[in-house]
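Please look through the structure shown here with its secondary-structure packing in mind. The report takes up a pair of helices and then a sheet.

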Amino acid sequence: MWVLISSLGLKPIVPLNVFWILTEELNLDVKKVILITTPESASSLHWLPKIFNKMRAIKIEAYRVEEDFDSMTNTVRVVINRALSEGFKVVVDVTGGRKIMCIALFNEAIDKADAIVYLMLNEPMYSGTFYPYIPKNITKLIVLRGSLSGG
Amino acid sequence: MESSYILKDSLIPLINYVTENKFNLDILVPGSYTLMHIDLDQKALELTVDNLSEYNLRLLSSLDSVYRSKKLRLAIADMLMLSGCLPPQGIDKLLDILLEKDTSDLRELALCLDTNILFNRIFSQYVFPKILKVERNLNILISRQVEAEIGSNLLSEVRRVGNLPRTLEILKEPEIKTFLKVYGVGAPSLEARRAAIAIHELGLLEQQKKLIKIYRSSESATSRLEPDFLIVSSCKKLAEENSFKLLVLTMDDHTYTCAQILKCNALKLIPQANFPYRIEGVSLTNISELIYVVTMILGFIRLRVGPEVLEIIGSWRGKSLKEWRLGRLLLRYPKFGILSKYIRKVLKADSVLTALKVIDQYVGSN
């Protein structure tokens with residue numbers, strides 16, 4: 001059982017794409033998605049869970065953090081620790097959101113998470129596109145640390 | 001075999017999945033032989049027209065004189081153009097005019113459409129979507145002659161089968177629907193399909209009040225005139241009466257010459273008949289469009305994906321015209337195979353995308 005922890009920015013399609021790859025392409029058993037967001041990019045939270053659930057019935061949690069590195073780090077630490085204590089394998093996605101948020105996520109996940117992933121896209125014109133509609137040769141999920149096997 | 005309906009846009013993820021391991025596309029004319037063999041990958045389209053070889057030509061021409069080499073070549077050029085793999089010559093100039101990049105003449109624009117523009121689907125693929133979106137005052141002029149020519153293409157099919165009255169002067173939707181019921185997926189001729197599409201598109205323009213049909217008594221009085229001349233002259237007269245800036249849009253030399261004789265602006269759009277062996281820079285969307293266009297023209301195609309075969313059928317099964325308008329396609333594929341797995345993903349992706357489209361934020365994020 002996996003939990004996906006993802007930073008949510010102004011492009012909500014990003015965590016959706018990562019979730020699609022993990023569940024549909026890699027057949028990972030993701031049971032829960034945790035979104036870390038700033039107030040600025042939280043507006044999509046009222047509809048995003050519906051879309052996740054269109055793909056697969058899962059539990060979704062969201063945490064709003066202030067744009068302050070320490071506050072972000074603390075929240076991320078609590079979230080990762082809780083997921084681990086609940087017995088999940090943790091995959092952290094650092095593609096979307098503010099840079100500082102991604103750094104905070106990466107920083108905390110580096111020793112704890114089972115995998116850290118980043119969705120690379122070689123053509124900016126596809127940046128708002130849903131994954132199955134992006135040509136496969138221009139996008140790739142990179143596993144920065146750990147591995148996505150098992151669970 | 002399993003079957004599913006997909007929307008036209010879902011061809012994009014479908015092709016995206018099946019091209020992972022490359023695939024072959026055989027385009028079959030119903031009841032005939034393979035006409036075209038295409039090897040695809042996601043970076044380029046490699047087009048090999050096997051049956052233009054002497055042997056195959058002989059074989060084809062003995063069966064159906066329609067598919068002689070020149071026609072076949074033009075049909076392929078047409079498909080490449082319609083799918084955006086190869087743009088028609090002259091399209092840039094037309095788009096500039098539609099988008100008002102030329103500001104030297106601020107009169108309302110009127111496009112006089114020759115029948116062949118509507119029939120070669122350039123209109124559908126390149127002009128019609130732009131016209132629907134264009135905000136300036138724009139008038140599409142259709143002469144009685146053009147309307148009659150469109151109708152006669154449908155009628156010729158109907159006459160061959162003999163299931164509809166012979167005297168349909170102006171075909172409206174119920175007649176088209178009945179006509180399609182006669183054929184279903186069995187595919188009317190290419191011309192008849194295009195005629196039906198043209199009538200549908202002109203109907204949409206009429207709803208937007210952009211269409212002007214020219215019915216003037218003077219036209220019948222001068223009907224001894226050569227048809228192309230009649231088309232241009234009737235549009236010219238109407239444009240002059242309304243101070244429209246006229247542009248005659250055609251695909252043939254003859255109408256173009258008629259326009260020049262009558263001192264009208266004219267633009268000739270033609271497919272690139274001498275298409276190159278290898279076309280670079282073709283996108284996934286182009287490939288999907290190509291497959292869609294070919295399916296809609298021929299009614300039925302087959303894709304060989306590894307050991308499996310995917311049949312794509314233009315979805316109009318005589319039950320509802322709505323399905324066809326929405327661009328739905330019927331897929332048939334083996335149960336429990338790799339294709340079945342891909343198509344399940346495609347259907348899921350389609351439902352997610354539909355939900356995303358409903359949400360404004362998604363639009364904003366684009």
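Predicted model: local features only at pLDDT ≥ 70, side-chain atom pairs only at ≥ 80, totals over all residues.

**Helix packing in chain A**

Two packed helices are described by the angle between their axes and the distance between the axes. Helix 1 of chain A, which spans residues 13-25, packs against helix 2 of chain A, residues 48-55, at an angle of about 15 degrees and with the axes 11 Å apart. Because angles under 35 degrees count as roughly parallel, helix 1 of chain A is described as roughly parallel to helix 2 of chain A. The crossing of helix 1 of chain A past helix 2 of chain A is right-handed. The residues that make this contact are set out by helix below.

| Helix | Contact residues |
|---|---|
| Helix 1 of chain A | L16(A), F19(A), W20(A), T23(A) |
| Helix 2 of chain A | I51(A), F52(A), M55(A) |

Sorted by class, this contact between helix 1 and helix 2 of chain A holds six nonpolar residues and one polar residue, with no charged residues.

**The sheet in chain B**

Strands of a sheet pair through backbone hydrogen bonds, either parallel or antiparallel. In chain B, five strands form an open sheet in the order 7-6-5-8-9, and their pairing is parallel. Strand 7 (211-214) and strand 9 (265-268) of chain B are the edge strands, each of them pairing on one side only, and from one strand to the next the twist averages 25 degrees. Within chain B, strand 5 (residues 109-113) pairs with strand 6 (residues 138-143) in the parallel sense, over four bridges; L109(B) stands opposite L138(B) of strand 6 of chain B.

Definitions and conventions
Residues numbered from 1 in each chain as written. Chains lettered and ligands numbered in written order. Axes fitted to C-alpha atoms, helices over the stretch in contact; angles between N-to-C directions. Helix = DSSP H or I, 4+ residues; strand = E, 2+ residues; numbered from the N terminus. Parallel < 35°, antiparallel > 145°, perpendicular 65-115°, else oblique. Left-handed = near helix turned anticlockwise from the far one by under 90°. Contact = placed C-beta atoms within 7 Å. Nonpolar A, V, L, I, M, F, W, Y, C, P; charged D, E, K, R; others polar. Pairing = 2+ DSSP bridges.
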